[in-house]
Amino acid sequence: MHSIPGRRLIMALFLIFLLLPIYWLVNMSFKTNAEIVSTMTLWPHTPTLQHYRRIFTDESWYSGYINSLEYVVINTVISIAVALPAAYAFSRYRFLGDKHLFFWLLSNRMAPAAVYALPFFNLYSAIGLFDTPWAVALAHCIFNVPLAVWILEGFVSGVPREIDETAFLDGYSFPRFFIKILVPLIASGIGVAAFFCFMFSWVELLLARTLTSVQAKPIAAIMTRTVSAAGMDWGLLAAAGVLTIIPGALVIWFVRNYIARGFALGRV
Amino acid sequence: MDKTINQKAWFLVLPVFLVVAFSAVLPLMTVVNYSMQDTFGNNQFFWNGVGWFKELLDPSTDLGGRFLASLGRNLFFSAVILAIEVPLGIVVALSMPREGWSVAACLVILALPLLIPWNVVGTIWQIFGRPDIGLLGYVLNHLGFNYNYVSNDVDAWVTVIVMDVWHWTSLVALLCYAGLKSIPDAYYQAAQIDGASRWAVFKAIQLPKMNRVLLIAVLLRFMDSFMIYTEPFVVTGGGPGNSTTFVSIELVKIALGQFDLGKAAALSLVYNLIILIVCWVFYTVMTNAGSERPVKEGAA
């Protein structure tokens with residue numbers, strides 16, 4: 001009764017539609033450039049690891065992954081750390097301006113990155129953070145902190161208030177209650193929020209590219225710049241692309257039931 | 001749920017407030033400042049009042065023309081992808097397997113495009129659509145279509161739209177699936193006893209129950225497609241000509257390409273205002289929906 005006729009066929013077709021372009025990228029990353037340009041082959045006839053080898057040995061390539069991971073991790077830590085107490089406050093208390101603040105946070109999550117590119121460039125140049133991972137990490141806070149607050153607020157609201165009250169009656173101080181009782185209770189929520197902060201920071205290109213030039217250049221920027229500079233090294237580009245998909249693909253299994261929730265800001 | 005009034009809660013919110021204020025309010029002030037001035041370089045600024053805004057909203061000027069054209073393209077793009085992704089997402093959600101390992105497998109594959117960096121999504125389709133090395137372009141051209149997204153406007157549009165459908169339909173599907181799963185079996189049993197048709201079940205039970213998630217999906221998709229930058233930038237670079245130049249691409253061109261601070265700032269503010277209005281609708285929907293949310297659902 002749940003489903004519609006022909007559902008298996010529809011599902012299969014849709015999944016093929018999703019997987020085919022990804023397969024093509026993986027396929028190309030294992031081909032030699034000669035094979036890519038000269039013939040149309042559905043699988044690599046002379047499989048090679050040369051593109052991956054190049055990325056892992058050439059510093060200008062692998063440093064991009066390290067730079068990206070650096071600001072993504074800094075951003076995730078900052079976002080979760082500041083969002084946790086705020087999520088608790090929004091979930092449990094009413095205070096002056098709470099609704100406006102909540103809306104203001106959301107509006108920042110939705111703000112177009114293009115609007116902020118230029119002022120961020122000026123701001124971080126002025127305070128000497130330009131071209132460091134901190135600039136990108138702080139810039140990404142503009143959408144990740146609100147996201148983390150919204151997601152965590154949903155999870156904190158799922159914890160019954162009686163637990164807080166019992167803990168306080170038992171003589172727990174607020175910080176001790178927070179760390180010893182609340183955080184373990186919403187551990188999976190923190191995991192989900194961290195995952196989404198990681199993801200949204202990982203996939204963003206515009207701000208990351210604008211705020212870095214040489215030292216902290218993220219992998220996404222290296223990919224676009226290489227494409228425009230010296231001709232087209234399709235195999236290398238494909239291999240670099242495949243490697244950026246891996247972090248998401250690794251954790252996807254653990255968060256599969258929370259994907260919808262994370263994208264809907266904890267409101268599903 | 002009753003909440004207690006406690007002004008001390010502000011201390012808990014303070015870190016968030018400071019971080020977001022630093023990264024949002026400060027830059028926004030700069031934008032407002034720039035939008036009223038003109039510069040000839042050398043850090044010399046001249047007061048320009050609302051001049052930029054007048055120019056921006058007047059289609060006969062260069063700036064106004066570009067803004068309105070990109071806005072029109074963007075709205076058209078959003079409308080098209082919503083018209084495709086929402087029905088398709090519902091169909092896919094209804095096609096989800098009922099139980100067993102295949103549910104998890106489908107969820108994982110559906111989620112995969114959502115977690116790919118946006119520029120890589122662009123790269124994937126850039127490669128996939130090329131007539132010489134991409135499967136899609138190659139097959140289409142061998143079937144007799146003269147498909148080339150680099151030189152043909154329509155092909156560029158089709159590529160960008162198919163790419164967005166590929167990238168984001170899963171989100172609509174996953175949201176709808178979450179809505180469908182919350183329908184108790186008793187509803188379906190009652191419908192079966194009444195002898196309701198498949199269509200009647202959809203119209204009377206599933207659609208109303210999906211109402212809220214659908215609204216969220218539509219608003220999220222509208223907002224994100226309205227801000228789209230990276231994917232079309234990588235695939236078409238806004239071209240051929242200006243045919244796929246959306247508002248964000250235009251804005252970055254003016255701001256970082258030409259360093260035309262005043263114009264870019266004025267455009268940013270108007271752009272932001274549109275987003276803010278849609279965002280307010282979104283917020284109202286979300287918080288109203290939140291009050292109907294059963295408490296259990298929030299449990300981890």
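Predicted model: local features only at pLDDT ≥ 70, side-chain atom pairs only at ≥ 80, totals over all residues.
H5(A) covers residues 98-110, which makes 13 residues. From first C-alpha to last, H5(A) reaches 19 Å, close to the 18 Å expected at 1.5 Å a residue.

Now step back to the whole of chain A. Its secondary structure comes to 14 helices and one strand. The C-alpha atoms fill a box of roughly 75 × 60 × 30 Å along the principal axes. Chain A has 268 residues, and 51% of them count as buried. What about contacts along the sequence? Take the contacts in chain A between residues at least 6 apart: 79% of them join residues at least 24 apart.

Next, domains. Chain A is assigned domain 1, residues 1-48, and domain 2, residues 55-263. Their centres, taken over C-alpha atoms, are separated by 31 Å. How many residues does each domain put into the contact? Domain 1 of chain A gives eight, and domain 2 of chain A gives seven. On the domain 1 side, helix H1 (7-29) and helix H2 (33-38) of chain A each supply at least two residues. H1(A) gives the most to that side, with four residues. By class, the domain 1 side has four nonpolar, three polar and one charged residues.

A word on annotation. An unreviewed UniProt entry places the feature "transmembrane region" at several spans of chain A, including residues 9-26 and 134-156. What does the model show there? Residues 9-26 of chain A are 100% helix and 0% strand, with end C-alpha atoms 25 Å apart. Residues 134-156 of chain A are likewise 100% helix and 0% strand. Their end C-alpha atoms lie 29 Å apart.

On to helix H10 of chain A, residues 187-203. H10(A) has 17 residues and reaches 24 Å from its first C-alpha to its last. That is close to the 24 Å expected at 1.5 Å a residue. Is H10(A) enclosed or open? Of its 17 residues, 13 are buried, so H10(A) is largely enclosed by the rest of the structure.

Two single residues deserve a stop. The first stop is Asp131(A). This residue sits in the loop between helix H6 (113-126) and helix H7 (133-157) of chain A. Asp131(A) is not a glycine, yet its phi is positive, at about 65 degrees. Buried, exposed or partly exposed? Asp131(A) has 17 other C-beta atoms within 10 Å, so it counts as partly exposed.

The second stop is Thr244(A), in helix H13 (residues 234-251) of chain A. Here the count is 22 other C-beta atoms within 10 Å, so Thr244(A) is buried. Thr244(A) and Trp202(A) are 42 residues apart in sequence, but 8.7 Å apart in space, C-alpha to C-alpha. Which residues does Thr244(A) touch, leaving aside those up to four places away in sequence? They are Ile219(A), Pro117(B) and Val120(B).

Chain B has 12 helices and three strands. Its C-alpha atoms fill a box of roughly 75 × 70 × 30 Å along the principal axes. Of the 300 residues of chain B, 42% count as buried. Among contacts in chain B with a separation of 6 or more, residues 24 or more positions apart account for 67%.

Finally, the two chains together. How many residues meet? In chain B, 88 residues are in contact with 91 residues of chain A. Helix H1 (residues 9-35) of chain B gives the most to the chain B side, with 14 residues. By class, that side has 69 nonpolar, 16 polar and three charged residues.

Strands join the chains too. Strand E1 (residues 93-94) of chain A and strand E1 (residues 4-5) of chain B run parallel, joined by two bridges. Which residue of E1(B) is the bridge partner of Tyr93(A)? That is Thr4(B).

Terms used. Residues numbered from 1 in each chain as written. Chains lettered and ligands numbered in written order. Contact = placed C-beta atoms within 7 Å. Nonpolar A, V, L, I, M, F, W, Y, C, P; charged D, E, K, R; others polar. Pairing = 2+ DSSP bridges. Expected span 1.5 Å × (residues − 1). Domains from an automatic or database assignment. Buried ≥ 20, exposed ≤ 12 C-beta atoms within 10 Å, placed from the backbone. UniProt positions renumbered as here; feature names shortened; annotations may be inferred.
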